[in-house]
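Please take a moment to look at the chain as a whole before following any single part of it.

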Amino acid sequence: MVRKYIPDTITSLNLLCGVIGVVFAFGGRFDMAFYMMLAGAVFDFCDGLAARALGAYSDMGRELDSLADVVTFGVLPSMMLMNLMKVCSFSESASLWCYVPLLIAVFSGLRLARFNVDERQHNGFIGLPTPACAVICGSLCCFVVFEPDGFLCSLVAGNVFVPVLSVVLSALLVCGIPMFSMKFSRDDSRTLRMKRWLFAVNCALCAVIVLIVGLHWSLAVLLAFAVYICMNVAFAILKV
């Protein structure tokens, strides 16, 4: 009887990480907020593994998973970007523009609701997955914390970059562009495997470049997921 509660417990830890991350975001600890986001992503991955291994699927678990994802991958990244603009900007007009990132929380909720009822998204995604969107936001905030003199800090301090990024990511969350999943399966087609291996190679290249340049590792994460978006857009245009 106990084993059927294990996946829900892991999902609850994802939710807890998201809530703690929001607290850190409001306290200006964007690095810790990003670490909580990553921890939540690990729990989000593990709850599915546990459910499959234990055969402990339930309707409540599915709803709880979506609720946790809305907080960790929707509310948390939007709070991080909003508070990052407040901390970094010296312009009084930023008090209005800093609320634009809240769109990410709204569109993440729409994205997750559609995912639950869309039968086409078992082996892939239609639109940007919420964890990928969240990691882009979180890694950006983390990089600015550790590289305050970096090129991205000046962009974040303005009233254009973060709001535009938020609108673009929100649009990608609910767009109709097919995007491949990171999970390998025996039933994967040759083309799908090629896409995943190509992404893995690009991730390695991003890590090597950032290591050589000597910048914080969060930039490698940011670049890797930016490449993920570009790859999927290119594949959609070329109909690969």
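A crossing of two helices is called left-handed if the near helix is turned anticlockwise from the far one by less than a right angle, and right-handed if it is turned clockwise. Helices themselves are DSSP runs of H or I with at least four residues, numbered from the N terminus, while strands are runs of E with at least two. What you see is a predicted model, in which local features need pLDDT of at least 70 and side-chain atom pairs count only at pLDDT 80 or more, whereas totals for chains, interfaces and linings use all residues. Residues are numbered from 1 along each chain as its sequence is written, and side-chain values use heavy atoms, with hydrogens and water left out.

The axes of helix 2 and helix 3 (residues 59-88) come within 11 Å of each other and cross at roughly 165°. That angle makes helix 2 roughly antiparallel to helix 3, because angles over 145 degrees count as roughly antiparallel, under 35 as roughly parallel, 65 to 115 as roughly perpendicular, and the rest as oblique.

Helix 3 also packs against helix 5 (residues 102-117), at an angle of about 160° and with the two axes 8 Å apart. Helix 3 and helix 5 are therefore roughly antiparallel to each other, but here helix 3 passes its partner in a right-handed crossing.

Asp59 lies in helix 3 and is exposed, because its relative accessible area is 68%. Arg62, found in helix 3, counts as partly exposed at 44% relative accessibility. Leu81 belongs to helix 3 as well, yet it counts as buried, since its relative accessibility is 0%.

How many salt bridges does a search of the whole structure find? The search finds one, where a salt bridge is a side-chain nitrogen of Lys or Arg within 4 Å of a carboxyl oxygen of Asp or Glu. Side chains of opposite charge can pair when their charged atoms come close. Arg29 forms a salt bridge with Asp31, and the closest N and O atoms are 3.3 Å apart. Arg29 is partly exposed at 40% relative accessibility, whereas Asp31 is buried, with a relative accessible area of 11%.

Although Val145 and Ser218 are 73 residues apart in sequence, they are 10 Å apart in space, C-alpha to C-alpha.

Finally, turn to helix 9 (residues 190-213), where Val201 lies. Val201 counts as partly exposed because its relative accessibility is 46%. Together with Leu205, Val208, Ile209, Ile212 and Val213, Val201 forms a nonpolar patch on the surface, with about 580 Å² of accessible area together. Patches are made of residues with over 30% relative accessible area and no salt bridge, joining like charges within 9 Å and nonpolar side chains (Val, Leu, Ile, Met, Phe, Trp, Tyr) within 5 Å. The accessible areas come from the Shrake-Rupley method with a 1.4 Å probe, and for residues only the protein chains shown count as cover.

How values were computed: Buried < 20%, exposed > 50% of the residue type's maximum accessible area, 1.4 Å probe, protein only. Axes fitted to C-alpha atoms, helices over the stretch in contact; angles between N-to-C directions.
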